[in-house]
Amino acid sequence: MNGYNLKIKGYYSQYWNNYSMNFHKHERIEIMYVASGICNILILDQNEKETNLLLRQGEMIMIDEDVWHKLCIGNEICNIINLEFTLEQNVDCFSIGALAKKSKSFTHFLESFKDYILIFDDGEILKSITGILHELGDKHFATDKELFLNLMCTTLLLTMSRVYESSEVELRKVVHIKKAIMFIQENYTKPLKIEEISQYVNINSSYLERLFKKSIGESIVNYINNLRVNKAIVLMDATPLSISEISQSVGFGTRQQFNNSFKKRKGISPQEYRNKNSQNVLWFGFTGDYKHSEKKNYKE
């Protein structure tokens, strides 16, 4: 792409509702930015497989040339800002190839652009786009307008690549936290170490602890113990299992650990909780030595 830059061929800012385009394609790269509302963008790949993308306010899509697509908008009014452009050779301007040589994030952005690319904006892209629209509509300053627009489009591309890189990082963080929580919920009944959770997530344990605390608002250890105590309460309310049995079944190493964790969170011991609530508990269908539908205070 050395010597090539963006040439704007069309643009609009339009409010729609109850609107649907036909599938179409064109020899231009297209940006659609959702300034307000929600919409659906449907993409057809080379095998005519359809991908339905839901875009909300602050989200945008860039669609490559010759890609079949359509816009669909429901009852809610949606404001779409559109820019369409081509790549044209111009050795006098700062080219896309030159940008790629100087910016790793821009190179990654271009490599990720296959048929289309989604970006979740933090407000910076919208500033660049509205600046371009303002310049396109301004008839007072005709001097060097093409050069100025080229510089603004270059700035837009760089901004998009930076925001895309940032949103990828945030998305990876969300994935890490979801994987950690899933692993904890599937393994809380066993002894759990932060090192084995981080090994499953495939990131450094210290980084996982910091990320977890920042995202969830509590430490991993505290999250695990809260989960175990809440699961224990369910068992105390729904089964006649002893306190020791419940302690083991939810993953506490010892009865004392269970007592300490429970009292720290609930203000009373597990046995006090059971005595306080057992008069309202009726067990049905619990097999073993216990009688069906038995109503009784259980003590160790």
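Reader: Which residue stands opposite His-69 in β7?

Author: In general, strands of a sheet pair through backbone hydrogen bonds, either parallel or antiparallel. In this predicted model, the residue opposite His-69 of β7 is Ile-43. Strand β4, residues 38-44, is joined to β7 by five bridges, and the two run antiparallel.

Reader: In what order do the four strands form the open sheet?

Author: The order is β2-β7-β4-β5, with antiparallel pairing. Strands β2 (19-20) and β5 (50-56) are the edge strands, each pairing on one side only.

Reader: Where is Lys-70 found, and which side chain of opposite charge is nearest to Lys-70?

Author: Lys-70 belongs to strand β7, residues 68-73. Side chains of opposite charge can pair when their charged atoms come close. Lys-70, however, is buried and has no salt bridge; Glu-50, the nearest side chain of opposite charge, is 6.9 Å away. A polar atom of the Lys-70 side chain does lie 3.5 Å from the backbone oxygen of Met-21. Beyond its neighbours up to four places away in sequence, Lys-70 touches several residues, among them Ser-20, Phe-23, Asn-40 and Leu-42.

Reader: How many salt bridges does a search of the whole structure find?

Author: The search finds two salt bridges. In one of them, the side chains of Arg-28 and Glu-84 meet at 2.6 Å, N to O. This pair links distant parts of the chain: Arg-28 is in the loop between β2 and β3 (29-36), and Glu-84 is in strand β8 (residues 78-89), 56 residues apart. In another, the side chains of Lys-127 and Glu-124 meet at 3.3 Å, N to O. Both Lys-127 and Glu-124 lie in helix α3 (residues 124-137), three residues apart, about one turn of the helix.

Reader: Why does Lys-127 count as exposed, and why is Glu-84 described as buried?

Author: The cut-offs are over 50% relative accessible area for exposed and under 20% for buried. Lys-127 counts as exposed because its relative accessibility is 56%. Glu-84 is buried because its relative accessible area is 11%.

Notes
Residues numbered from 1 in each chain as written. Predicted model: local features only at pLDDT ≥ 70, side-chain atom pairs only at ≥ 80, totals over all residues. Heavy atoms only, no water. Buried < 20%, exposed > 50% of the residue type's maximum accessible area, 1.4 Å probe, protein only. Lys, Arg positive; Asp, Glu negative; His and termini not counted. Salt bridge = Lys/Arg side-chain N within 4 Å of Asp/Glu carboxyl O. Polar contact = N/O pair within 3.5 Å; in protein donor to acceptor, adjacent residues only side chain to side chain. Contact = heavy atoms within 4.5 Å. Pairing = 2+ DSSP bridges.
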